[in-house]
Amino acid sequence: MPDRTHAKEISLHRERCFLCAVVTPERTVVGEDPLDEIGRLVDAAGGEEAGRTIQRRDRPASSTYFGRGKLAEVAAAAKAAAADTIVVDDDLSPKQLGAVETACRGKVIDRNEVILDIFQSNARTHQAKLQVELAQLQYELPRLARKWTHLERLGGGIGTRGPGESQIETDRRLLRRKIGSLRRDLDEIEARREREVMTRDAAFSACLVGYTNAGKSSLLNRLTGAGALVRDGLFATLDTLTRRLEFGDGADMLISDTVGFIRRLPHHLVASFHATLEEAARSNLLLQVADAASPFALAEADAVDATLRELGMDGLPRIHILNKADLAPAPGRLEALANRLSPAFPVSALTGEGIGGLLACLRGKAETGMRAVRVRFASGDGRRFALLNRLARVEKSVYEDSDVIVTARIEAADLERIKRLPGGMAVEKA
Ligand SMILES: Nc1nc2c(ncn2[C@@H]2O[C@H](COP(=O)(O)OP(=O)(O)OP(=O)(O)O)[C@@H](O)[C@H]2O)c(=O)[nH]1
Ligand SMILES: [Mg+2]
């Protein structure tokens, strides 16, 4: 029996892809062809568009996704366009995917799989690779049965009598075991990383977040000379890269760049990239980057807001950066964006325009912004405890041996004052 516990190959590289979707009334974004985004995703996955079609419907058909007539039309159009793969811009149930496959007699890939494919080819580090594999296997688990029936239909191998239920069960068990072992490996990496973060000093930290391709990595490079990978295409960055921004007068802060967001980011991916996004959640300030030159900047900002809410990060202090100002956005666009996203800084990571103002703002935040810290000192040190309670927002105090460990949010200057009291105190980033 073939080992089916490896993630299935979904590569769209050099494939001719026929794009299609059911477009419901609530999904239509004004002014945008509904399939433009999936077109960019397919492009990022290395595929080529062979053609496209949509069906307007109140909702997708529950078992066949498209209406029956449209399904035949999609199959014919894809065949006429000599497409290798049908790409459906939606999250299909195993049953729907099976129905489209049967009608089109070929490879069918849904939106989740396209994004997984991009992540798979862009994962560079060990952690990112494990995260993508985990997301893939979790996506596949409920679809195993479909895959087997599919193989059967294709003729199987020598002497196949079709895998029975028991084979599917065995495969499920193997998949689950593999998922468990991936999770353990990732937990270990996360724990190690957590220890590293703890030993870092209590520097003020900011994280760049935003729609994919907005220019987050370019900004990190512009601000810190980091040398982060920049590429025109979706999901170039899948890891968190943290660099120190020095203001030149001794003050500094940490800035992290991380994976970009998109509308309807697949849930398995969000869950698998939990550790990577967790870093962002622990920062003191979010730098939300928008591509001001994108005609869909506002819709993209909505998608980013929704993802931040989903990740429980919408409560963090935030400033908006309207990037790509050099591309001369349509008249009034910058103003409209700045009205909706405030406070906002129009900048260009490419030319450096506006970066001075942004730096001044960040310098101020690093000085006055509250940072989360964990401090440890002798529990008998009542003076320090009282001052801490007065100057900081104390979240938690835990007593351990003869020490007290306090988690709190505090401004840098106040932390310095408390540090200077006699008696000694250890400071960690919370
Ligand atoms: N004209 C112009 N192009 C920019 C600017 N900033 C970034 N770009 C371009 O936009 C593209 C995406 O830039 P990245 O920095 O990789 O974007 P990102 O947000 O990190 O993207 P992901 O990591 O894929 O989510 C690249 O082609 C950059 O050269 C800018 O200020 N002006
Ligand atoms: Mg990037």
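## Nonpolar cores

Ile86, Val87, Val100 and Val114 touch the most other members of the largest nonpolar core, which has 89 residues. A nonpolar core here is a set of buried Ala, Val, Leu, Ile, Met, Phe, Trp, Tyr and Cys residues joined through C-beta atoms within 7 Å. A residue is buried if 20 or more other C-beta atoms lie within 10 Å of its own, exposed if 12 or fewer, and partly exposed in between, with C-beta atoms placed from the backbone. The core takes at least three residues from each of domain 1 (16-121) and domain 2 (201-368); these bounds come from an automatic or database domain assignment. Beyond its neighbours within four places in sequence, isoleucine 86 contacts Phe18, Cys20, Val74, Ala78, Val100, Cys104, Gly106 and Val108. Contact means that the C-beta atoms of two residues, placed from the backbone, lie within 7 Å.

Another core, of 10 residues, lies apart from this one and includes Val373, Val375, Ile410 and Ile418. In soluble globular proteins, nonpolar side chains tend to be buried together.

## Model and overall make-up

The structure is a predicted model, in which local features need pLDDT of at least 70 and side-chain atom pairs count only at pLDDT 80 or more, while totals for chains, interfaces and linings use all residues. Residues are numbered from 1 along each chain as its sequence is written, and chains are lettered from A and ligands numbered from 1 in the order in which they are written.

The chain contains 15 helices and 14 strands. These are DSSP runs numbered from the N terminus: helices are H or I with at least four residues, strands are E with at least two. Of the 430 residues in the chain, 37% are buried. Among contacts between residues at least 6 apart in sequence, 70% join residues at least 24 apart.

## The parallel sheet

An open sheet of four strands has the order S2-S1-S3-S4, with parallel pairing. Two strands pair if DSSP finds at least two bridges between them. S2 and strand S4 (107-110) are the edge strands and have a single partner strand each, so one side of each is left without a neighbour in the sheet. Neighbouring strands are turned by 25 degrees against each other on average, direction ignored. Axes are lines fitted to C-alpha atoms, for helices over the stretch in contact, and angles run from 0 to 180 degrees between N-to-C directions.

Four bridges join S1 and S3 in the parallel sense, and cysteine 20 stands opposite valine 88 in S3. Helix H1 packs on the sheet and touches S1, S2 and S3, its direction making about 150 degrees with that of S1. Helix H3 (residues 94-104) lies across S3 and S4 and runs at about 145 degrees to S4.

## Helix H1

Helix H1 (residues 36-44) has Ile38, Leu41, Val42 and Ala44 as its buried residues. Seen down the axis of H1, these fall within an arc of 160 degrees, so they line one face of the helix; the arc is that of the directions from the helix axis to the C-beta atoms. The buried residues pack against strand S1 (16-23), strand S2 (48-56), strand S3 (85-88) and helix H4 (111-122). Glycine 46, which follows H1, has a positive phi near 90 degrees.

## The antiparallel sheet

A second open sheet has four strands in the order S12-S13-S11-S14, with antiparallel pairing. Strand S12 (393-400) and strand S14 (426-429) are at the edges, each pairing on one side only. The twist from one strand to the next averages 25 degrees. Strand S11 (residues 370-378) and strand S13 (residues 403-411) run antiparallel and are joined by nine bridges; valine 373 has alanine 408 in S13 as its bridge partner.

Two helices pack on this sheet. Helix H14 (residues 382-391) touches S11, S12 and S13, at about 30 degrees to the direction of S13. Helix H15 (residues 412-420) touches S11, S13 and S14, and its direction makes about 150 degrees with that of S13.

## Backbone details in loops

The peptide bond from serine 342 to proline 343 is cis, with omega near -5 degrees. Proline 343 is in the loop between helix H12 (333-340) and strand S10 (344-346).

Asparagine 213, a residue other than glycine, has a positive phi near 80 degrees. Asparagine 213 sits in the loop between strand S5 (205-210) and helix H8 (216-224) and is buried, with 22 other C-beta atoms within 10 Å. Phenylalanine 235 also has a positive phi, near 60 degrees, and lies in the loop between H8 and strand S6 (241-246). Phenylalanine 235 counts as buried, with 22 C-beta neighbours inside 10 Å.
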